[in-house]
Each structure stands twice: as C-alpha cells, then as structure tokens.
Amino acid sequence: MNENGPIQTRLTRRFGIRHPVVCAPMAFVAGGALAAGVSRAGGLGVVAGGYAGALGAEADLDAELVTASAEKFGAGFITWALERSPQMLTRALKHSPFCIVLSFGDPRPFAREIRDSGAALICQVQFLSQIDLAVEAGAAAIVAQGGEAGGHGAARSTLPFIPEAADYLRKHSPETLLIAAGGIADGRGLAAALILGADGVLMGTRFWASAEALTPRSHTDKAIGSTGDATIRTKAFDALRGAPWPREYSFRILKNKLTAEWADRESEALRSFGALSTEYARARAQNDLDMVAIVCGEAIGLLRDRPSAASIVESMVTQAAELLRKSSSLNFT
Ligand SMILES: Cc1cc2nc3c(=O)[nH]c(=O)nc-3n(C[C@H](O)[C@H](O)[C@H](O)COP(=O)(O)O)c2cc1C
C-alpha cells in the first residue's frame, strides 16, 4: 500500500515511495531501525554497510538488514572499501534490498552483480565529472552531494551543483533520477532542491539526530545547539587516525580540540599518516569528545531536537508542500 504524499516526483513514482526523501547510508549511525523508520514514514531508508568491514568494528550488517527488511530498504557502501571486501555486497544482496547506494569510488565493478540481483543502483557523486561513470554503471539515480554535507565529501556547494547536475543529466541521460544532498534538513531544503531540478533529497545530518539512529546520545547532546559555523571540513583527521581515504575526499565534523590543533596542518597530517591511530582508538573507547569525531554537517545549525524519523519526514514534507504551493503564486515584480 502506498497512498500518494503531497509531493509527487519521478523519484516517488519510480521507486514506489510516498515522499521524495531518502535517508543517507551513514556508517555507525544508519542501522535497521532508522532505515525501517524512514521507510515506514513513506521515505526510503538505507542501512549503512559503511567500510564493509575494512576498518573493523562494523555493526553486524546482517542483523541490521534483517531489521530493515520489515519495510522497503536499501544498503549503502563506501566503494573504495568495498573493493577490499566485495563479499559484503553479496551478503547484503541476499537480503533483497530495493537499492544499493555506492559512494566514493568507481561503481562499475559492482554494477553487474547489483543489476543481476534486481536492486536499483544509486551512485552518490561529489563532482560533475563523476556522473559519466555512474551513468555507465547503469545508475537509476545519482545523488549529487554538496560540501555542506556531514561526513565525507568534497568541495562543491549544493546550490550550484544541483542545477548543474540536473542540466547535465537532462542532456546526457534524461532517464536518470537526480537526488540532492548536503545541507538539507527541513522543508525549505526539500522545496529548494526540487526547484533546483532534483527529484528528491537524501539527508544524513537530520536523521543522524533522530530517535532511531545509532548515534551516541553524548554526540547529539554536544552538537545540538551549535550553529552551522561549528563544523569544519578537513583531511587531517583521517590521516592522523590512519583511515586510507582517497585524497579528493575530506571529512566534515564538529570542531573539537583535535581539529583546532590539526585542521590547518593538513599536509603535515598527511605525511604523518596513522600517527594518532592508537590514541584515537583509545579516545574512541573512552568516548573522549575532544578527540573523537562528532560527524555532522552544516545543517546542525537547523536542528533543535532528536525526534523520530517519522516526525522528521512528515514535518519536512508538510512544510515543503506548503512552500511550493505558496511559491507557485508568488509575484516578484
Ligand atoms: C554521521 C554521518 C555518516 C556518514 N557516513 C556515510 C557513509 O558511510 N557512506 C556514505 O556514502 N555517506 C556517508 N555520509 C554522507 C551522507 O551519505 C550524505 O551525503 C550527507 O549526510 C548529506 O548531507 P547532510 O549531512 O547535510 O544531510 C555520512 C554522513 C553523516 C552525517
């Protein structure tokens, strides 16, 4: 059963979902309960396969996928990490996800296995130049991620990136859906993304602070109340903790003592790869928030609470529908 929501797009129609809202595959945050909560509310929930076990300490992916499978759901992987543990994709596909989201790497080596399973491929890109590879891989949808995003990403800004990607797809692959990500946390962001040419949105930070997320309570307690000024995008953090991210990607996190000391010294940090890996593991075990990454984006400045996924989806869709209705009668002259 899927009665129509107030905002119908190519994404809702093709994916058979009520609202054009997708939950980001957030490593260590988006488990089965969050994915199911978003999907039950009419969006599309995606369980994070994260680093596909490559950096260790992954939550039990199978258990999370079983929980998610009460509803339509997807699974997402960090592509460069999946290259090291491709069996994790095979494992995820056994749960019959509706879609697989691949970000940060070449999706083509995994495309056939995904297609053969019947799952839709969604590719998250950070640069316009990555769209061709995603289209070649047969992506049903491209997520264009602006640098405002929480977590890993790059430097494009959502505002010009979305219409540029929309124009590009209209010209080169008009059937491919476009989903906007980066800095979207309420109905204003959803309405703006649709006006810019997207078919829907993918949100991380907003769902990171939801009741169902696996996010430690101490992280949301510390971050909520901060303004969007309080995050920073840096490569120093991954270098110091010894996470082998490709050079084109940086990490947006809440500023803390570690970023104060290192964010301006990226080259030095890159040369000292892994220098703080032992201290970081210890800090993580002790939940030392001066050192550990609290992973959220600029949209943190729009959050006041940690509500259920359902109330997030419902309130943003209601607000966006109202704004779109009003904007169709605006007179700027
Ligand atoms: C806590 C957190 C963890 C994330 N982990 C992943 C991940 O494992 N894989 C991935 O493709 N993207 C990850 N992202 C990025 C999201 O896919 C998405 O692009 C981003 O959250 C969108 O921007 P927003 O945070 O402003 O909503 C993460 C984001 C956050 C906030």
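Residues are numbered from 1 along each chain, as its sequence is written. Because the model is predicted, local features need pLDDT of at least 70 and side-chain atom pairs count only at pLDDT 80 or more, while totals for chains, interfaces and linings use all residues.

Start with the domains. The assignment gives domain 1 (12-215 + 304-327) and domain 2 (217-298); such bounds come from an automatic or database domain assignment. Taken over C-alpha atoms, the centres of domain 1 and domain 2 are 23 Å apart. Their contact takes 20 residues from domain 1 and 16 residues from domain 2. Two residues are in contact if their C-beta atoms, placed from the backbone, lie within 7 Å. On the side of domain 1 that touches domain 2, strand E7 (151-153) and H10 are the elements that give two or more residues. E7 gives the most there, with three residues. By class, that side of domain 1 has seven nonpolar, 10 polar and three charged residues. Ala, Val, Leu, Ile, Met, Phe, Trp, Tyr, Cys and Pro count as nonpolar, Asp, Glu, Lys and Arg as charged, and the others, Gly among them, as polar.

Now the sheets. Helices (H or I, at least four residues) and strands (E, at least two) are DSSP runs, numbered from the N terminus. Two strands pair if DSSP finds at least two bridges between them. Eight strands form an open, parallel sheet in the order E1-E9-E8-E6-E5-E4-E3-E2. Strand E1 (21-23) and strand E2 (45-50) each have a single partner strand, so one side of each is left without a neighbour in the sheet. From one strand to the next, the twist averages 25°. Angles run from 0 to 180 degrees between N-to-C directions, and axes are lines fitted to C-alpha atoms, for helices over the stretch in contact. Within this sheet, three bridges join strand E8 (residues 177-181) to strand E9 (residues 200-203). Ala181 has Leu202 in E9 as its bridge partner.

A second open sheet has three strands with antiparallel pairing, in the order E7-E11-E10. Here E7 and strand E10 (231-234) stand at the edges with a single partner strand each, so one side of each has no neighbour in the sheet. E10 is joined to strand E11 (residues 250-254) by four bridges. Thr234 stands opposite Phe251 in E11.

Next, helix H2. H2 (residues 32-40) lies across E1, E2 and strand E3 (73-78), and runs at about 155° to E2. H2 also packs with helix H16 (residues 309-327) at an angle of about 35°, their axes 8 Å apart. Leu34, Gly37, Val38 and Arg40 of H2 make this contact with Ala309, Ala310 and Val313 of H16. The residues of the contact divide into five nonpolar, one polar and one charged.

Finally, the ligand. It is surrounded by 30 residues, the closest being Ser103, Ala149, Gly150, Gly151 and Gly204. A residue is near a molecule if its C-beta atom, placed from the backbone, lies within 6 Å of it. E2, E3, E9 and helix H10 (205-208) are the elements that give two or more residues to the shell. H10 gives the largest share, three residues. The shell has 16 nonpolar, 12 polar and two charged residues. It draws at least three residues from each of domain 1 and domain 2.
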